[in-house]
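Let us go through this model by question and answer.

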Amino acid sequence: MESEVQRITEPARLLRVSSMARSLLDELHELPLDEHARERLRMAHARTVEEIGHAVTPELSDELDRLLPDSSGPLSQAEARIVQSQLVGWLEGVFQGVRAELSLHQMAARHEAAAHQPNLPPRPVPGRDSGPYL
């Protein structure tokens, strides 16, 4: 199975688009949207999914495509918020998977480094008497 880190082909692009999607979701919660604004949001959402699709592997892109709304017309305000929340949640899930995998790699590297270190006695702490107490 492919690792999460390897499944992201353009991390900088993914981070930029993710930041924009999060900002857009924040705006959705603040403003009422008329029909024209909801149509613009649907188009922006489709473009965002397309941009993200270029930054990830085809498998993740296919998964992301399933988040696109079924209708071609303007979304209701509730639908717009749900669709955008799904997108932001999906992105956060991808980033969480990457962070978890990077943590596992770091732990494995530390374990590997520790296995190659000779067993040395602990070093004395500077400023403390390293001898026995009298």
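Q: At what angle do helix H1 and helix H4 pack?
A: This is a predicted model, where local features need pLDDT of at least 70, side-chain atom pairs count only at pLDDT 80 or more, and totals for chains, interfaces and linings use all residues. Residues are numbered from 1 along each chain as its sequence is written, and side-chain values use heavy atoms, with hydrogens and water left out. Helices are DSSP runs (H or I, at least four residues), numbered from the N terminus. H1 spans residues 11-30 and H4 residues 77-116, their axes lie 9 Å apart, and the packing angle (0 to 180 degrees between N-to-C directions, axes fitted to C-alpha atoms over the stretch in contact) is about 145°.

Q: How many nonpolar residues are in the contact of H1 with H4?
A: Contact means heavy atoms within 4.5 Å. The residues involved include Leu14, Leu25 and Leu28 of H1 and Leu87, Val88 and Phe95 of H4. Nonpolar covers Ala, Val, Leu, Ile, Met, Phe, Trp, Tyr, Cys and Pro; Asp, Glu, Lys and Arg are charged, and the others, Gly among them, polar. The contact has four polar residues, three charged and, as nonpolar, 12.

Q: Which residue forms a salt bridge with Glu92?
A: A salt bridge puts a side-chain nitrogen of Lys or Arg within 4 Å of a carboxyl oxygen of Asp or Glu. Glu92 sits in helix H4 and its partner in helix H1, 70 residues apart. The closest N and O atoms are 2.2 Å apart, and the partner is Arg22.

Q: Is Glu51 buried or exposed?
A: Buried means under 20% relative accessible area, exposed over 50%, partly exposed in between (1.4 Å probe, protein chains only). Glu51 meets Arg47 in a salt bridge, 2.7 Å from N to O. Arg47 is partly exposed at 44%. Glu51 has a relative accessible area of 17%, so Glu51 is buried.

Q: Which residues are linked with Arg47 and Glu51 in a network of salt bridges?
A: Arg47 and Glu51 are four residues apart in helix H2, about one helical turn. The network joins this pair to Arg13 and Glu50.

Q: What pattern does the protein chain follow along the sequence?
A: The chain has four helices and zero strands. Of its 134 residues, 30% are buried. Read along the sequence, the pattern is α-α-α-α.

How values were computed:
Helices (H or I, at least four residues) and strands (E, at least two) are DSSP runs, numbered from the N terminus.
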